[in-house]
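Please read this note with the model open beside you.

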Amino acid sequence: MTGTQQPAHPAVAMLARETQLREGVTPREIGGVTVAPGKQWLHEDSFLLVTDSGLRYFYRKGEGVTAERPAEYDPAEEYLWLNGSIYAAIACINGLYPIHASAVACGGQVFAFTGPSGAGKSTLTAQLTRHDLPMFCDDTLVLDLTQPGQVLCLPGHKRLKLWPDAVELTGARPAQQVMATVPKFYSEPAGGTVVDVLPLAELCFLEHGAEAAIAPLHGGEKMVRLQDDHYTTDMIMAASRPDRMARFTQLANLARSIRLTRFTRPRDASRFAVDAALVERHVKAMASQVSKAAQ
């Protein structure tokens with residue numbers, strides 16, 4: 001574990017406070033919308049989630065999370081919701097910017113990997129942690145965009161979740177199964193984790209391709225790629241409700257503030273270690289460049 005104390009950043013303390021959980025009765029609707037099982041709804045300063053299994057969670061800004069549970073429920077499922085949709089919703093409502101990404105740290109900077117589910121974000125992160133690149137977060141990366149020209153990353157608190165084939169590929173040490181109906185396994189990152197608030201150096205989009213290559217994104221393509229269709233994007237829009245110009249400005253500022261790249265590689269398990277080594281060299285080289293530029 002790197003870092004010896006909780007970072008002195010107000011958003012870290014805010015998230016710890018706002019994610020506090022208590023038992024109680026949750027509303028059946030918010031903003032005039034009834035939320036059915038398997039659905040969620042964000043309205044102004046509130047969020048309501050109802051699972052197919054009967055778990056219900058309600059968050060209102062300044063009040064923490066209320067959990068209404070059936071007589072029998074799986075605590076492992078609750079852990080997933082609290083560290084997934086609920087965590088992202090709380091971040092959005094409180095002015096932060098969550099994105100669907102896993103990340104490592106290098107040279108006091110964060111290097112994040114994004115893409116659709118199954119793109120290999122967690123698998124690549126697990127592999128990189130074996131080479132002196134500690135994990136920063138898995139699955140959800142929360143950004144603070146309040147400082148002009150700089151994007152800060154809040155430290156993730158979730159463990160790596162890997163499919164069995166990813167455990168084998170990365171040589172990870174699997175712990176317990178995520179939950180009975182989800183055949184993923186929690187795994188401790190080999191290189192430890194980072195608890196500091198750090199600037200985002202690069203956001204890399206994982207894609208399939210015939211050859212392994214890393215290339216920068218430019219201009220309008222950066223704007224387009226920042227508008228992924230993950231549920232966090234819907235939450236951001238619902239929480240801030242920006243008009244067209246405000247959303248354009250938000251994306252333009254984000255595109256200017258960070259380096260965006262594309263990592264293409266074939267889905268070939270026999271090439272995985274070699275292709276991951278390409279990313280490792282890239283991350284370490286970029287971190288060195290950033291460090292020299294700052295001196």
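1. In what order do the three strands of the open sheet with antiparallel pairing stand? The order is β13-β15-β14. Strands (E, at least two residues) and helices (H or I, at least four residues) are DSSP runs, numbered from the N terminus. Two strands pair if DSSP finds at least two bridges between them. β13 (160-162) and β14 (174-179) are the edges, each with a single partner strand, so one side of each has no neighbour in the sheet.

2. A word on the source. This is a predicted model, in which local features need pLDDT of at least 70 and side-chain atom pairs count only at pLDDT 80 or more, while totals for chains, interfaces and linings use all residues. Residues are numbered from 1 along each chain as its sequence is written, and side-chain values use heavy atoms, with hydrogens and water left out.

3. β13 and β15 (residues 182-187) pair in the antiparallel sense over three bridges. The bridge partner of L162 in β15 is F185. α2 packs on this sheet and touches β13, β14 and β15, where contact means heavy atoms within 4.5 Å. The direction of α2 makes about 90 degrees with that of β14. Axes are lines fitted to C-alpha atoms, for helices over the stretch in contact, and angles run from 0 to 180 degrees between N-to-C directions.

4. Another open sheet has five strands in the order β1-β7-β6-β5-β4, with mixed pairing. Its edge strands, β1 (21-23) and β4 (39-43), each pair on one side only. Neighbouring strands of this sheet are turned by 15 degrees against each other on average, direction ignored. Helix α2 (residues 75-82) packs here too, touching β1, β5, β6 (56-60) and β7 (64-68). Its direction makes about 30 degrees with that of β6.

5. H43 stands opposite S46 in β5.

6. Is helix α3 (residues 85-93) mostly covered or uncovered? It is mostly covered, with nine of its nine residues buried; among them are Y87 and C92. Buried means under 20% relative accessible area, exposed over 50%, and partly exposed in between (1.4 Å probe, protein chains only). Just after α3, G95 takes a positive phi of about 85 degrees.

7. The structure holds one cavity of 30 Å³ or more, and the largest cavity has a volume of about 140 Å³. On a 1 Å grid over the protein atoms alone, a cavity is a set of points where a 1.4 Å probe fits but cannot get out; a pocket is an open set with protein on both sides within 12 Å along at least five of seven lines; lining residues have an atom within 4 Å of a point. Grid points are joined across faces, edges and corners, and a volume is the space filled by probe spheres set on the points. The largest cavity is lined by 16 residues, with Y97, I99, L203, L226 and D228 nearest its centre.

8. The largest pocket holds about 1000 Å³ of space. It is lined by 42 residues, and G118, S122, K161, W163 and K184 are the closest to its centre.

9. E221 is found in helix α6 (residues 219-225) and is partly exposed, with a relative accessible area of 33%. E221 and L260 are 39 residues apart in sequence and 9.6 Å apart in space, C-alpha to C-alpha.
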